[in-house]
Amino acid sequence: MSAVLTVARGTFREALRDRVLFLVVGFALALLVLGHLLAPLALGEGSRITIDLGLSVLGLIGIVIVALVGTNLVHKEIERRTIHVVLSRPLSRTTYLVGKWVGLAATMGAAVGAMGAILLVMGIWLRGPAAIGPIVQAVFLVALADAVLAALAVLFSSLSTPVLSIVYTLGLYATGYWTSDLREFARAMPGTLGAIVRGASYAIPNLDLFNLRSQVAHLEVATSAHIAIALGYATCYAAAVLALAVVAFERRELK
Amino acid sequence: MTRLESHATAMPAARRNWRTIGLALGVFALAATAAVGQLVWSHHHVRQAEPLEELAYYPSGAWLSQAAVGERIAWSDLLWLRAVQYYGMHRETDNTFGKMAHVFDIITTLDPQFQNAYVFGGTSLCQEGRQFDAGVQLLEKGARNNPTVWVYPFELGFVHYLGKRNLTRATFEFAQAARLPNAPDYCERFAAWSGQRAGYEEVATQLWREVAETTDNAILRDKAIAHLRQLLKGSGQEMRLEAWVAGLKPLAGPPSAQHGSGLVPTLETE
């Protein structure tokens, strides 16, 4: 466990060195400016729009960090050959990979948490205390979605080149919001094809489960069952993806 | 070694750097000026796209919902800003709102609970837009998507009463609104007045008063005040009306939407 944390700490520090958290400052400033600019133009919807767009930007920054940092995570170390130094220590490949994911998820958590705190302050200021519950829940679920995407990024990073990893991760991010539509399509498809599409709809991460933007816009609190299912799903999905990543990484020749 | 190369190597490195930077800045200034100049020229000589023109090509809100990749709410917000811009521009110019029904349909498909879009879009289509059926359809869509919200039947009663003077339908809608959770007392009052065929001007005055007092939308309030001014013209109550207008809480909105901006009521009545 301590070995996992050591690798995670290293990954977290490396992400900080990449100045990922500078995004947070930019986000805060953009949100403040947006609020002031939109209020007179939005006919009574300025506060709603500031918070909605803030939440969207927060989600998009998450996928950008995953795409830029996560997909390069393992590949960079293989290319620089630093992975040989790391793996020559009493450290299994599994520990290394899980540590990388924990570090990346922690980085995402820190970035999303900091941006979420800024959004929460803005939300309370613009929409009152009723905004606390919806915003806290929405930010938490964004962090969970990012952890799932980080697991996918680690899987692709251990299998493929950074460019292809970015393509795969972004592809799954986009289709992750269409899983229920895929299931609908599958119903209209004949036998085997329908079964394949239906199977694919379960293999792709169901990102709509982590999307509470509508609830925030209308100041509605999601049920605790929703939050619990999202937490359970994120944990299981990330574990499954990391298990696949371990299988792929254990079999990989590191030259 | 050529003459040029020998000259370059003879120059100190720092000076060479400054020369390159100076050259690059010069190119930047020239290129940027040319680009901006062409843009300004194009404003006068190339047909400019009308705001929201691109929306006419979007198949439907349902299609956009899929394309939004989890950002339906953010897209509905951005389209709301564009719709307000479109409304304001045409309100000040030609008073035609050809694409308004389509854009408000898209916004409310992306966010089926966007109350301000239904109310502002529905009432504006019925009034300035002179598309009564489209406005009613939008409000009915709001009522279908939010069956427990009293606002939609109330607004339907409002447009039927003021737009078509259809008192039977207005009474039905006001009564529907009164039955829904959290409906204010005035829903029942308007249902009763409308049902008893009370004086049209008095009821219209009360309806517009409620709009002006309860809306967060500066343009809707502005319209309500303009209607009230017209309704109370010559009644001897103008001073009281202006005092009441001055006491209303200020709303955020574009300068053209503040009190007394001169938006002329164009309620289509039969």
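Student: How many cavities of 30 Å³ or more does the count come to?

Tutor: Rolling a probe the size of a water molecule over the atoms shows where empty space is left. On a 1 Å grid over the protein atoms alone, a cavity is a set of points where a 1.4 Å probe fits but cannot get out, a pocket is an open set with protein on both sides within 12 Å along at least five of seven lines, and lining residues have an atom within 4 Å of a point. Grid points are joined across faces, edges and corners, and a volume is the space filled by probe spheres set on the points. By this rule there are three cavities of 30 Å³ or more, and the largest cavity holds about 100 Å³ of space. This is a predicted model, in which local features need pLDDT of at least 70 and side-chain atom pairs count only at pLDDT 80 or more, while totals for chains, interfaces and linings use all residues. Residues are numbered from 1 along each chain as its sequence is written, chains are lettered from A and ligands numbered from 1 in the order in which they are written, and side-chain values use heavy atoms, with hydrogens and water left out.

Student: Which residues are the closest to the centre of the largest cavity?

Tutor: Of its 13 lining residues, the closest to the centre are A:Gly59, A:Val142, A:Ala145, A:Tyr177 and A:Arg213. Helices (H or I, at least four residues) and strands (E, at least two) are DSSP runs, numbered from the N terminus, and the largest share of this lining, four residues, comes from H7(A). By class, the lining has eight nonpolar, three polar and two charged residues, where Ala, Val, Leu, Ile, Met, Phe, Trp, Tyr, Cys and Pro count as nonpolar, Asp, Glu, Lys and Arg as charged, and the others, Gly among them, as polar.

Student: What lines the largest pocket?

Tutor: The largest pocket holds about 650 Å³ of space, and among its 28 lining residues the closest to the centre are B:Gln115, B:Asn116, B:Thr214, B:Thr215 and B:Asp216. Helix H3 (46-68) of chain A and, from chain B, helices H6 (115-126), H8 (151-163) and H11 (200-214) each supply at least two lining residues. The lining comprises twelve nonpolar, ten polar and six charged residues.

Student: At what angle do the axes of H5 and H6 of chain B cross?

Tutor: Axes are lines fitted to C-alpha atoms, for helices over the stretch in contact, and angles run from 0 to 180 degrees between N-to-C directions. The axes of H5(B), residues 100-110, and H6(B) come within 10 Å and cross at roughly 165°. H5(B) is therefore roughly antiparallel to H6(B), given that angles under 35 degrees count as roughly parallel, over 145 as roughly antiparallel, 65 to 115 as roughly perpendicular and the rest as oblique. Contact means heavy atoms within 4.5 Å, and the residues making it include B:Phe104 and B:Ile107 of H5(B) and B:Phe120 and B:Leu125 of H6(B). This contact has eight nonpolar, three polar and no charged residues.
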